[in-house]
Amino acid sequence: MTRILPGVIAMAAVVVASNILVQFLILDGLLTWGAFTYPIAFLVTDLMNRIYGAAEARKVVLVGFVTGIICSLIGSQVMLEFGPAVPLRIGVASGFAFLTAQLLDIAVFDRLRRGVWWKAPLASTVVGSVIDTALFFTVAFSAQISFGADSDAATAWALDSMPFMTVGPDQPLWVTLAVADWMVKIAVALIALVPFRIITGKLNATTQ
């Protein structure tokens, strides 16, 4: 466990920071600052996978999952003007999406780890980001899923109709939020290839 401690600390820091920054809206509410920090979790997972292997990467993900649960439990007790900072639906969706997407990221990365250096981190992060976004926003906001009247009411604002991405045909607000969030994840995935290459390159040099 000691050797993956930097990854454990980094993952916990990303999860905590994202849970705090998600409270701050930007671009008229289309995004939050947390949208820019959360995708770094994929970078942490991929680095652990490349350096120590899939089994150790899963341990780091588990730490992130537990940290997320703790953050959600704390957030559920913080009351804001319109209810708890972390409603039940959002807490469940967050944990479910995180664990599923990160484990899938590890599986895809492991399958492609012997290819060109950038294929594994890019493909795994893209696939993981799609699943993460789809699961989170569907479970948290879709009218097709119900957690009971009280829980549904806490996230009912996301069902309001608005032009898709502010310019397209009317869609539930959460659909636009999901697409905007996914676009940020992909942008961060591309940028993250730079630190991934630098860090793994330096580690390879020190072991030769």
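**A friendly note on the salt bridges**

1. Let's begin with K59, which is partly exposed, with a relative accessible area of 39%. Please keep in mind as you read that this is a predicted model. K59 forms a salt bridge with E56, and the closest N and O atoms of this pair are 2.9 Å apart.

2. Where do K59 and E56 sit relative to each other? Both belong to helix α4 (residues 54-76), and because they are 3 residues apart there, about one helical turn separates them.

3. Now look at D152 and R89, which form a salt bridge with their closest N and O atoms 2.9 Å apart. D152 is in helix α7 (residues 149-154) while R89 is in helix α5 (residues 88-112), so this pair ties together parts that are 63 residues apart in sequence. D152 counts as partly exposed, at 22% relative accessibility, whereas R89 is buried, with a relative accessible area of 2%.

4. Another pair to find in the structure is D110 and R113, whose side chains meet in a salt bridge at 2.8 Å, N to O.

5. Finally, step back to the whole structure, where a search finds 6 salt bridges. Some of them share partners, and in this way R3, E56 and K59 are joined into one network.

Terms used:
Residues are numbered from 1 along each chain as its sequence is written. This is a predicted model: local features need pLDDT of at least 70, side-chain atom pairs count only at pLDDT 80 or more; totals for chains, interfaces and linings use all residues. Side-chain values use heavy atoms; hydrogens and water are left out. A salt bridge is a side-chain nitrogen of Lys or Arg within 4 Å of a carboxyl oxygen of Asp or Glu. Helices (H or I, at least four residues) and strands (E, at least two) are DSSP runs, numbered from the N terminus. Buried means under 20% relative accessible area, exposed over 50%, partly exposed in between (1.4 Å probe, protein chains only).
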